[in-house]
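I opened this notebook to record what I looked up in one structure.

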Amino acid sequence: RSEKAAALWLAERLAEQSKDWKSEVHITKSFISWMSAKRSGIRGMKERAELDTLLSYSLSEIATLCCTTIKGYVLSASSLSENTSNQVISNRGIPIVFVQATAPDFRSPEIRGVELGKYFSNSGIWLSGAKEALGLRMRHLWRCIFTGFQQNKVSVLSLTPLGMRPQDVQHAPEKEKMELVIVMLKSLFLTLEDPWGFTQVYLQMNDFMEVGQDEVESGNYTFLTSVCLHSRDAKSLSVDLSNAGHA
């Protein structure tokens with residue numbers, strides 16, 4: 001599918017480019033050239049319709065179709081087990097597998113109107129089928145993330161609350177903010193019902209800890225791994241897990 005091809009293309013470019021404005025311009029121009037070449041080689045109305053749909057997406061929307069992974073170390077003492085904070089430390093433990101991914105952007109002025117408009121009416125209520133559509137979109141993203149961990153043979157995960165922080169939902173309709181968090185959380189938990197081979201999953205919940213605990217204890221999920229909700233910084237927890245020898 002054109003979406004899959006574009007997602008793979010974007011992941012490759014993000015992995016290649018450094019994070020500065022020139023690279024962002026280069027990625028945008030390269031994407032336009034790539035899409036032009038793709039269009040010229042299209043045969044059949046179905047494939048053209050898929051491409052036209054893809055062309056209506058922004059790069060921000062396409063980015064939610066993929067993720068990138070890289071192995072590395074945290075070189076500052078941000079862990080609670082350290083005596084000092086933000087001091088350079090030596091490499092210890094085993095490498096940490098970092099995953100870069102993005103949830104639908106409900107924050108940035110340039111895109112939030114488009115993203116929120118997919119799920120909410122002008123009067124601030126959920127559109128018909130919107131919860132299901134957002135849930136499926138997030139499940140696809142979590143499957144991408146978990147596949148990245150799986151391919152790197154990671155068994156213990158330390159996850160950030162992707163799309164589930166107060167700043168992520170601050171522009172959503174006031175009465176639906178909590179429901180939006182629940183939809184995002186359900187998509188993660190439903191994906192964890194699949195056999196990924198993980199032994200432990202730590203999820204940083206902080207502001208929505210009570211909501212997370214209610215979902216975990218609801219009995220609606222059959223987890224194939226142990227799930228722990230916590231309020232620590234996910235990065236510092238990853239450092240401690242690495243130092244303890246967990247992959």
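The entries below follow the order in which I looked things up.

Entry 1, the model. I note at the outset that the model is predicted.

Entry 2, a pair of helices. I recalled that two packed helices are described by the angle between their axes and by the distance between the axes. I looked up both values for helix H6, residues 130-151, and helix H8, residues 177-191. Their axes lie 8 Å apart, and the packing angle is about 45°.

Which residues of H6 meet H8? I listed Lys131, Leu134, Gly135, Met138, Arg139, Trp142, Arg143 and Phe146. On the H8 side, I found Glu179, Leu180, Val183, Met184, Ser187, Leu188, Leu190 and Thr191. By class, the contact of H6 with H8 holds nine nonpolar, three polar and four charged residues.

I located Lys153 in the loop between helix H6 and strand S3, residues 156-159. Its phi is near 60°, a positive value in a residue other than glycine. Is Lys153 buried or exposed? Lys153 counts as exposed because its relative accessibility is 68%, and the cut-off for exposed is over 50%.

I found Asn206 in the loop that runs between strand S4 (200-204) and helix H9 (209-216). Asn206 is not a glycine, yet its phi is positive, near 45°. With a relative accessible area of 35%, Asn206 is partly exposed.

How values were computed. Residues numbered from 1 in each chain as written. Predicted model: local features only at pLDDT ≥ 70, side-chain atom pairs only at ≥ 80, totals over all residues. Heavy atoms only, no water. Helix = DSSP H or I, 4+ residues; strand = E, 2+ residues; numbered from the N terminus. Buried < 20%, exposed > 50% of the residue type's maximum accessible area, 1.4 Å probe, protein only. Axes fitted to C-alpha atoms, helices over the stretch in contact; angles between N-to-C directions. Contact = heavy atoms within 4.5 Å. Nonpolar A, V, L, I, M, F, W, Y, C, P; charged D, E, K, R; others polar.
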